[in-house]
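I am opening a new set of notebook entries. They record what I looked up, topic by topic.

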Amino acid sequence: MQVVSHPPSGWPALVLNADYRPLSYYPLSLWPWQDVIKAVFLERVDVVSTYDQTIRSPAFEMKLPSVVSLKRYVAQDRPPAFTRFNLFLRDAFTCQYCSAGEDLTFDHVLPRSRGGRTTWENIVTACARCNLTKGGRTPREAGMHPHYPPRRPSAFELQDRGRRFPPNHLHQSWLDYLYWDVELEA
């Protein structure tokens, strides 16, 4: 991960909930500058930090926000959507059979041909090799058991897991609101 002092391309702003925590860690909650300016004018956000870049119109001038916070708190307690990305995030982007982190797909623990359903409780992240090796067999038949039994994660668990996978770059104005291991200046 790289901490940059120059703005990321597109001048995005980090979006914080009303409690000053990011709406999402992975993917990081960023809005394009145009959406942020609109939200500022509609008084939906407070500007917390700005870039040095200024935008102008004939009657208005404003520094581009780099961090904004919502004025109203958005509850984060709804169950996470069952998506491939969230499944990989739940399983820390590793095969649940061999711990590989490459060529990932997903596996039905109880195969669909045996009545297995596509649910949080029956799907695990698997590398292509392990998925092919297990095939249409049960874990017992294949002698392949997931490291952790599949289950529905909470939104909090996915957010916590997302903190472990920072993006390639962070703007320095975002660091006070993120909890990744970054080197601090003395």
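**Entry 1: a salt bridge and its exposure**

I began with glutamate 157, which is partly exposed at a relative accessible area of 29%. I use buried for under 20% relative accessible area, exposed for over 50% and partly exposed for what lies in between, with a 1.4 Å probe and protein chains only. The model is a predicted one: local features need pLDDT of at least 70, side-chain atom pairs count only at pLDDT 80 or more, and totals for chains, interfaces and linings use all residues. Residues are numbered from 1 along each chain as its sequence is written, and side-chain values use heavy atoms, with hydrogens and water left out.

Which residue forms a salt bridge with glutamate 157? I found arginine 151, with the closest N and O atoms 2.4 Å apart. Arginine 151 is partly exposed too, with a relative accessible area of 42%. My criterion for a salt bridge is a side-chain nitrogen of Lys or Arg within 4 Å of a carboxyl oxygen of Asp or Glu.

**Entry 2: other salt bridges**

I list eight salt bridges in the structure. One of them joins arginine 56 and glutamate 61, whose closest N and O atoms are 3.2 Å apart. Arginine 56 counts as exposed at 61% relative accessibility, and glutamate 61 counts as exposed at 54%.

**Entry 3: strand E5**

I then turned to strand E5, which spans 60-70. Helices (H or I, at least four residues) and strands (E, at least two) are DSSP runs, numbered from the N terminus. Eight of the 11 residues of E5 are buried, and I noted the strand as mostly covered.

Two strands pair if DSSP finds at least two bridges between them. E5 pairs with strand E4 (residues 45-57) in the antiparallel sense, over nine bridges. In that pairing, threonine 50 has proline 65 of E5 as its bridge partner. A hairpin through two residues joins E4 to E5. With strand E2 (residues 13-16), E5 pairs in the parallel sense, over three bridges. Valine 15 has valine 68 as its bridge partner in E5.

I also looked up threonine 54, which sits in strand E4. Threonine 54 is buried at a relative accessible area of 19%. Which residues does threonine 54 touch, leaving out those up to four places away in sequence? I found Glu61, Met62 and Lys63, where contact means heavy atoms within 4.5 Å.

**Entry 4: aromatic pairs**

A search of the whole structure gave me six aromatic pairs. Phenylalanine 41 and phenylalanine 60 form a tilted one, 5.0 Å centre to centre with 55 degrees between the planes. Phenylalanine 41 lies in helix H1 (residues 33-41) and phenylalanine 60 in strand E5, so the pair ties together parts 19 residues apart in sequence. Rings of Phe, Tyr and Trp (its six-membered ring) pair if their centres lie within 6.5 Å; planes under 30 degrees apart are stacked, over 60 edge-to-face and the rest tilted. Phenylalanine 41 is exposed at 52% relative accessibility, whereas phenylalanine 60 is partly exposed at 31%. Elsewhere I noted that ring pairs link Phe85, Phe88 and Phe93 into a cluster.

**Entry 5: threonine 83**

Where is threonine 83 found? I placed threonine 83 in the loop between strand E5 and helix H2 (84-90). Threonine 83 is partly exposed, at 34% relative accessibility. A polar atom of the threonine 83 side chain lies 3.0 Å from the backbone nitrogen of asparagine 86. Tryptophan 120 is 37 residues away along the chain, and its C-alpha atom is separated from that of threonine 83 by 9.4 Å.

**Entry 6: cysteines**

How many disulfides does the structure hold? I found zero, taking a disulfide as a pair of cysteine sulfur atoms within 2.5 Å. For cysteine 98, the closest cysteine sulfur is that of cysteine 130, at 3.7 Å, too far for a bond. Cysteine 130 is in no disulfide either, and its nearest cysteine sulfur, in cysteine 127, is 3.6 Å away. Cysteine 98 is partly exposed at 33% relative accessible area, while cysteine 130 is buried at 6%.

Key. Polar contact = N/O pair within 3.5 Å; in protein donor to acceptor, adjacent residues only side chain to side chain.
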